[in-house]
Number of protein chains: 2
Amino acid sequence: MKTRLTEMLGIKHPVIQAPMAFAAGGALAAAATKGGALGMIGGGYGDPEWIDAQFNIAGAARIGCGFITWRLAEQPTVLDRVLERQPAAVFLSFGNPAPYVDRILGAGAALICQVQTLKDARHAMDVGAQIIVAQGGEAGGHGEGRGTLTLVPEIADEIARRNTDIALVAAGGIADGRGLAASVMLGADGVVVGTRYWASGEALVHPRILADSLHASGDDTIRTRVLDIVRGYDWPQRYSVRARKNEFVEKWHDAEAGLRRDLGPQTALWDKANTQGDPSIAAAFVGEGLGLIHNASPAEGIAAQIVEQAAALLLKAGS
Amino acid sequence: MKTRLTEMLGIKHPVIQAPMAFAAGGALAAAATKGGALGMIGGGYGDPEWIDAQFNIAGAARIGCGFITWRLAEQPTVLDRVLERQPAAVFLSFGNPAPYVDRILGAGAALICQVQTLKDARHAMDVGAQIIVAQGGEAGGHGEGRGTLTLVPEIADEIARRNTDIALVAAGGIADGRGLAASVMLGADGVVVGTRYWASGEALVHPRILADSLHASGDDTIRTRVLDIVRGYDWPQRYSVRARKNEFVEKWHDAEAGLRRDLGPQTALWDKANTQGDPSIAAAFVGEGLGLIHNASPAEGIAAQIVEQAAALLLKAGS
């Protein structure tokens, strides 16, 4: 399946492995790339030592790196340190990419900007994004409320109006070939896949948390601010986190003030549960696509499986 | 485009016009049916006189009627009164359909159950739904949080597991042929279209409100409870309303208690604005698909246009 995205990134399949903070390390990124997708390290909050270690694990694999954009201002050196690694792409989300565009393009990396609204898509195009990721609220981890099904075609129309060659990628809720085929129909040149890679053996996910998630439904996920409060992250109010519902999230979701009052003990409890992999308290940062995933499959094969299923569906529909 | 849905409902195009409360009257339903879709009266809260009047306007057109399910318990006679009209289908949403299944099927009407979760889809199948509408949170009017892109394939998998011949219909965010083509890729047999019909001349929408909406984006819509509070409706907490953002909604969205304290004057203000078509206060009950709609097009042609675009996309993709 050749698209504008595969050409721009020089990849076999129109699939970008989502740069999931903490979960997407070098092993996952290298395996995704080996399988024909673009593998990405989840640079997240910008811990330079962790990112260095993950690039070392990925070795010579051609990969990219993602960042939480608003956090880069607090970590002024981490972007240059990553650019020295000559990443294939830098993936920015959640904030204004403008201050970083020149350095990224100057280093020869592709600039991927993930947006959650048409308004932010327009801004990303204005400042020089080469690839726009339209992320719907179905996605795991941070995001906003708009659905992938409407955000993708609305941004596709904007790209058409501007008559540019920007590539458009759908993100949020895409876990199999049906999601890729649907995204292509909506006007996307490819997809970002998160939860399906989260559920591979290569992601940095506690095996108990993973095993416990494979029989859940998309119904069992929720967008919440609880998981930022407990980690002490000062996220802009517009963003929330989609994760699996569990006792901890359900206890505090409508009681944020109570969580803030008892923050020290609750953070200790939560940290310990994450170390131990206790699914009743620890977080599974997964999207609604979880309900389409019933097996942990090796990361290397994921992109090809998705493309094969999508191609079969599209061929059948056309005949 | 022939599908299980077109066969079951005896319609030309796999399109159901959404039974939008207040907006979907007999003129819209008749025009949608004339155009090859299944036209529906929005029976909504169950006002028997209004529903009678709309059936009379629709005349001999073969149409269906929708209800807010939890409200039927408070309006015990309205369902039978509608069934005497021999509707092609009854469309139930937001509540437990079980008490009404036998009367609907006994009257020879198709039973369409709209759901917002996999859990409710399972229940609807258990109690005898013939057609399941998977409604994502992109939809205008009442709904919940899951996205169409994941809800449709997850319910499709459940239907396949049960090996039944239940038809599956996607709703929420589908405003053109791209949405229909994507829905087919996700496993749907057809689509429910709301906002595109809302924006036809035949819907019962104030012309000033309509004209003001044709240049908006999906970004400009929001899920809120403000519009139920101001109308004095006691909706179950799980449901909210998607509508266009305006001064009134933005003032009260995070101040529900204040709205309740000043309810009398605010309801009077809101009612007056709706009569006058003042878009800064009156509600436009539209979905995120609004951003794909830039013209008010006559209802009769909508289904054919959507199918034509979808068919062209699917044919091109398959070649």
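This report covers the domains, the chain interface, the salt bridges and the cavity of a predicted model.

## Domains of chain A

Chain A is divided into two parts: domain 1 covers 4–204 + 292–318, and domain 2 covers 207–283. Taken over C-alpha atoms, the centres of domain 1 and domain 2 of chain A are 24 Å apart.

## Interface between the domains

In chain A, the contact between the domains involves 25 residues of domain 1 and 16 residues of domain 2. About 1,700 Å² is buried between domain 1 and domain 2 of chain A, and 56% of this area lies on carbon and sulfur atoms. On the domain 1 side, the residues that lose the most area to domain 2 are A:Trp70, A:His142 and A:Trp198. Together these three make up 31% of what the domain 1 side buries.

Charged pairs also occur at this boundary, where 2 salt bridges are found across the interface of domain 1 and domain 2 of chain A. A:Glu144 is also part of a salt bridge, with A:Arg238 as its partner. The closest N and O atoms of A:Glu144 and A:Arg238 are 2.5 Å apart.

## Interface between chains A and B

Chain A and chain B each bring 35 residues to the contact. The area buried between chain A and chain B is about 2,800 Å², with carbon and sulfur atoms giving 59% of it. In chain A, the residues losing the most area to chain B are A:Leu149, A:Arg178 and A:Met185. These three together account for 25% of what the chain A side buries.

## Salt bridges

Over all chains, the count comes to 40 salt bridges. Between chain A and chain B the count is 6.

One salt bridge joins A:Arg146 to B:Glu288, with the closest N and O atoms 3.7 Å apart. This pair crosses between chains, and each partner sits in a loop. A:Arg146 is in the loop between β7 (141–143) and α8 (148–162) of chain A. B:Glu288 is in the loop between α15 (263–276) and α16 (299–318) of chain B.

## Cavity

A search of the whole structure for cavities of 30 Å³ or more finds 1. The volume of the largest cavity is about 30 Å³. Its lining consists of A:Pro48, A:Ile51, A:Asp52, A:Phe55, A:Val78, A:Arg81, A:Val82 and A:Arg85.

Two helices of chain A, α3 (48–58) and α5 (78–83), each supply at least two residues of this lining. The most comes from α3(A), which gives 4 residues. By residue class, the lining of the largest cavity has 5 nonpolar residues, 3 charged residues and no polar residues.

Key:
Residues are numbered from 1 along each chain as its sequence is written. Chains are lettered from A and ligands numbered from 1 in the order in which they are written. This is a predicted model: local features need pLDDT of at least 70, side-chain atom pairs count only at pLDDT 80 or more; totals for chains, interfaces and linings use all residues. Side-chain values use heavy atoms; hydrogens and water are left out. On a 1 Å grid over the protein atoms alone, a cavity is a set of points where a 1.4 Å probe fits but cannot get out, and a pocket is an open set with protein on both sides within 12 Å along at least five of seven lines; lining residues have an atom within 4 Å of a point. Grid points are joined across faces, edges and corners, and a volume is the space filled by probe spheres set on the points. Ala, Val, Leu, Ile, Met, Phe, Trp, Tyr, Cys and Pro count as nonpolar, Asp, Glu, Lys and Arg as charged, and the others, Gly among them, as polar. Domain bounds come from an automatic or database domain assignment. Contact means heavy atoms within 4.5 Å. Buried area is the accessible area (1.4 Å probe) that two parts lose on being put together, summed over both. A salt bridge is a side-chain nitrogen of Lys or Arg within 4 Å of a carboxyl oxygen of Asp or Glu.
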